[in-house]
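I opened the notebook to record what I looked up in this structure.

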Amino acid sequence: MHYEIHGRLDTDAPTLVLSSGLGGAGAFWTPQLPLLSQDYRVLVYDQLGTNKSQAHLPDDYSIESMAVELLELLDTLEIRQCHFIGHALGGLVGLQLALLRPQLLQSQVLINAWSSPNPHSARCFAVRQNLLRDSGPGAYVQAQSLFLYPADWIAANSEKLARDDAHALAHFPPTANLLRRIQALLAFDIEAELASIQTPTLLIANRDDMLVPWNRSQHMANVLPNARLELLEYGGHASSVSDSEPFNRVLLDYLAERCGQVAAA
């Protein structure tokens, strides 16, 4: 898999592993990298079958497959412990890591993620699947911002979104890969195991997220033994892009708290 390491390279630097959502691109974290790179060693990567990590994904591809692929990368890089930050699908990968190798995770931040299916998100992803199958990548990309951002932000950023859409279309993954990734996230369900995850966890959710209901994060905060919820009012599903300042503040405060606790221990 294609990966990049940013920020501090000294052995004392805490390691952050950033995992993006359905698009799979490490570049999703561009608004956060300048801030995170000041104090941390930061790993971003393109998930397998997306962007620069080209591959053919099998029919039985799953979130567990994605977690195992990431573990193989971390083992290759000799990363034994890290703080994990995952957005949406990336958050599901983090939950799976916490089940597969809990000693790896010093903490995790799960952004607009979920632990089991819900009818609203299933409806949204069904629309996206139908667009891709019936109308093709162009229609899929055009609709994408409607699921990610608030309406007023879309209206105010039409030129940026036009550039983003053109880039996304030029680098669109194989349709079969994207459909298998959607099926993987739709099938993800760790409800029976959720309460066993001891990893310190910050859940960030957006009240105006139209793709994943914010109360899915509230549910995880209620069940996970060492979790708390930060509920943001604005920014939609991808508030790390559309309203990055309050998002960054919450993220940096939590990382400072967790890394300080780790250092003290």
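I began with the lining of the largest pocket and sorted its residues by class: 24 are nonpolar, 16 polar and seven charged. For the classes I took Ala, Val, Leu, Ile, Met, Phe, Trp, Tyr, Cys and Pro as nonpolar, Asp, Glu, Lys and Arg as charged, and the others, Gly among them, as polar.

Notes on the source. I am working from a predicted model, in which local features need pLDDT of at least 70 and side-chain atom pairs count only at pLDDT 80 or more, while totals for chains, interfaces and linings use all residues. Residues are numbered from 1 along each chain as its sequence is written, and side-chain values use heavy atoms, with hydrogens and water left out.

Largest pocket. I looked up its volume and found about 1200 Å³. Its lining has 47 residues, and those that lie nearest the centre are G23, A25, A27, F28 and Q144. Two or more lining residues come from each of β1 (3-7), α4 (119-135), α5 (137-148), α7 (158-170) and α8 (175-187). I checked which element gives the most, and it is α7, with six residues. Helices (H or I, at least four residues) and strands (E, at least two) are DSSP runs, numbered from the N terminus. The search ran on a 1 Å grid over the protein atoms alone: a pocket is an open set of points with protein on both sides within 12 Å along at least five of seven lines, a cavity is a set where a 1.4 Å probe fits but cannot get out, and lining residues have an atom within 4 Å of a point. Grid points are joined across faces, edges and corners, and a volume is the space filled by probe spheres set on the points.

Cavities. I found two cavities of 30 Å³ or more. The largest cavity holds about 60 Å³ of space. I listed its lining as W114, S116, P117, N118, S121, A122, F125, L185 and L186. The elements that give two or more residues to this lining are α4 and α8, and α4 has the largest share, three residues. Six of the lining residues are nonpolar, three are polar and none is charged. The second largest cavity has a volume of about 30 Å³. I have Y45, Q47, L48, Y61, M66, E69 and V93 as its lining, with five nonpolar, one polar and one charged by class.

Helix α9. I asked which residues of α9 (residues 215-223) are buried, and the list is R216, S217, M220 and A221. Seen down the helix axis, these buried residues fall within an arc of 145 degrees, so they line one face of α9. The arc is that of the directions from the helix axis to the C-beta atoms. They pack against α3 (89-100), β6 (201-206) and β7 (227-232), where contact means heavy atoms within 4.5 Å. Buried means under 20% relative accessible area, exposed over 50%, and partly exposed in between (1.4 Å probe, protein chains only).

Cysteines. I searched for disulfides, taken as pairs of cysteine sulfur atoms within 2.5 Å, and the count is zero. C259 is in no disulfide, and the nearest cysteine sulfur, that of C82, is 11 Å away. C259 counts as buried because its relative accessibility is 13%. C124 is also buried, at 6%.

M210. I located M210 in the loop between β6 and α9. Its relative accessible area is 37%, so it is partly exposed. Leaving out residues up to four places away in sequence, M210 touches H120, C124, L146 and F147. I also took the C-alpha distance from M210 to V42: 29 Å, across 168 residues of sequence.

Positive phi. Most residues other than glycine have a negative phi. I noted E78, with phi near 55 degrees, in the loop between α2 (63-76) and β4 (82-87). N112 has phi near 50 degrees and sits in the loop between β5 (105-111) and α4. Is each of these buried or exposed? E78 is exposed, at 58% relative accessibility, whereas N112 is buried, at 1%.

D59. I placed D59 in the loop between β3 (41-45) and α2. D59 counts as exposed because its relative accessibility is 66%.
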